[in-house]
Protein chains: 2
Amino acid sequence: MFRNLSRAACALAVGIKNQVDTSQQPLLNEPMINRMCLQKCLPAVQAAGQDCQMYVGDRIKRAVGFPQLTACCKPLRYKDFIISYDTKNRIPNWVYEHLQYHKFYKDDPCDRRVNVCPFNDDSAALGNEKPKFHPDCRIHGYHRADVRDYCDTEYELGLMADPANYPFDAEACAETQVMTNVVPIVPGFSCGPWFDLQCYIREKLVRENKSVYVCSGPLFLPCENDGKVQMKFDVLGEGEVSVPSHFFKVIIIETHDGNLELESYMMPNCKPEDGEEVKLDDYLTPLCQIEHASGLIFFPEKKVCFTSNNKRRGARLHAL
Amino acid sequence: MFRNLSRAACALAVGIKNQVDTSQQPLLNEPMINRMCLQKCLPAVQAAGQDCQMYVGDRIKRAVGFPQLTACCKPLRYKDFIISYDTKNRIPNWVYEHLQYHKFYKDDPCDRRVNVCPFNDDSAALGNEKPKFHPDCRIHGYHRADVRDYCDTEYELGLMADPANYPFDAEACAETQVMTNVVPIVPGFSCGPWFDLQCYIREKLVRENKSVYVCSGPLFLPCENDGKVQMKFDVLGEGEVSVPSHFFKVIIIETHDGNLELESYMMPNCKPEDGEEVKLDDYLTPLCQIEHASGLIFFPEKKVCFTSNNKRRGARLHAL
């Protein structure tokens, strides 16, 4: 069998010459070439071969390079927020914002800034066009979400970095419409507790504190099904965009006296019940639960804060 | 509501003092502390505050640090292979090995090495104990898989880096039993085409070529369910270890004349039919399909090889 396969494989051997744009869409319907010559890698490999004593990881990296989860290690920089992108699910891992009072509110009557938030009535009155959703070409075509993926589905495009956080900054507002900031949400979700939480951050936390750091992102929580614990979620369009079951917000509040304080929330990706009175504190969630579900570690360089959180919680358990 | 929540949150404020081991298991059943003071971060924040002109990403990184997908950016180094770990699914993203003839075979009669592979009969005869599965403490307790997660499930512990690849190296053999190298497999999977593929790599590719680079990993492919495309997979134990639907192997062959050639395979995580004749070439899969499903880009620094693959495939489409 190996001999046959070898012949088959060799018969398919092809040389490599051309260079093309890496951001092209995938050509998944093409016939298979299972073996190809990577002539260009030759010098690197010869070099690696010369040094058999080199550590295996370095040999591999030097000869063929490690596979990359695109833009996972290097968050994507935007004007007023920063995004870590999940290439498997085609949605962000997290979106980080730093909100400051002076960016929201005008105390000085001479401040001539105009509210340009496309979702603001004045802005609409000014005839400002709502910005259109656009892709981020730094993400490879294989792993990009597209507005078309959301067509003919029951889901809406939800934004992690909220345009209403940048009322006087047209560029930042427009940037929130980048597809790397978009997650599929159940219609009505963004009008429920998620909306209240965004208002609470702007109207209370930002007003009353020096500044607020907000990290938002999706979560996938398993559920029990036929006596088995299973992960089950919809996948949208050709881009195969995953629909998360929950969302989180981790909020770090920088108080005027210079302390940092933390609040963390988790909310299901669903429509709130009609007439349901929303209590934000029902959604307060220990950071460790969010870290367990998200695969993230917050404050990785500040383990003392992070781990002490558990310790202190344990201490309070007895105190309460 | 905000006022009430604020009081509730402030009432929960706690200070940070102790430092503890970050690899401890999560304490998910503890009561919630939703707000805590992170005094330790104060100097960094004051510094950040002094420079309001600093880029938002740098301000956030300096004040609170970015959340980390542990060990995602830095692959985990082992003696004879290297692993990128998926903290969300508690299984590897990929495991890379570099296989060389002299590590498998003894041409020199004076070569006194003894086959110590724990799954080898001679080794068993020598009374070598099978190494036990062990955790990698570099992975945070929140995101570690444990052998107990597999108890009372229908799945077995499957190894991505194969101990049979290190017959004369007890340390490397033992290292393949690290939990970061383990993925849940359906019983019988490892005796089917996956086993044949491993034999084909050792018996043919490694024998006939200078060396072979092998990248193995899990895949999650959606399926159509009630007219909807859905992702659905089992999740095991408290560690919530995800069971992949497929596995891939991307094989880069370094020939004696110095070329690199590529073969890529994808196989479903299932038991082969009884009496089914396995043909490996039925599992040959275009690299782009594996990259699309895995969220990975292979050869990121060698885009010419990678993207030309598509071009060449397109070219062959007309040639054939």
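Start by selecting B:Asp169, which counts as buried at 16% relative accessibility (buried is under 20% relative accessible area, exposed over 50%, partly exposed in between, with a 1.4 Å probe and protein chains only). This is a predicted model, in which local features need pLDDT of at least 70, side-chain atom pairs count only at pLDDT 80 or more, and totals for chains, interfaces and linings use all residues. Residues are numbered from 1 along each chain as its sequence is written, chains are lettered from A and ligands numbered from 1 in the order in which they are written, and side-chain values use heavy atoms, with hydrogens and water left out.

B:Asp169 sits in the chain B loop that joins strand 5 (156–159) to helix 6 (170–175); helices (H or I, at least four residues) and strands (E, at least two) are DSSP runs, numbered from the N terminus. Show its neighbours next: leaving aside residues up to four places away in sequence, B:Asp169 touches B:Lys79, B:Asp80 and B:Val116 (contact means heavy atoms within 4.5 Å).

Now select helix 3 of chain B, residues 56–63, where B:Val56, B:Gly57, B:Arg59, B:Ile60 and B:Ala63 are buried. Viewed down the axis of this helix, the buried residues fall within an arc of 160 degrees, so they line one face; the arc is that of the directions from the helix axis to the C-beta atoms. After the helix comes B:Gly65, with a positive phi near 80 degrees.

Finally, move to A:Glu276, in the chain A loop between strand 12 (260–268) and helix 8 (287–294). A:Glu276 is partly exposed, with a relative accessible area of 39%. Its C-alpha atom is separated by 50 Å from that of A:Phe66, 210 residues apart along the chain.
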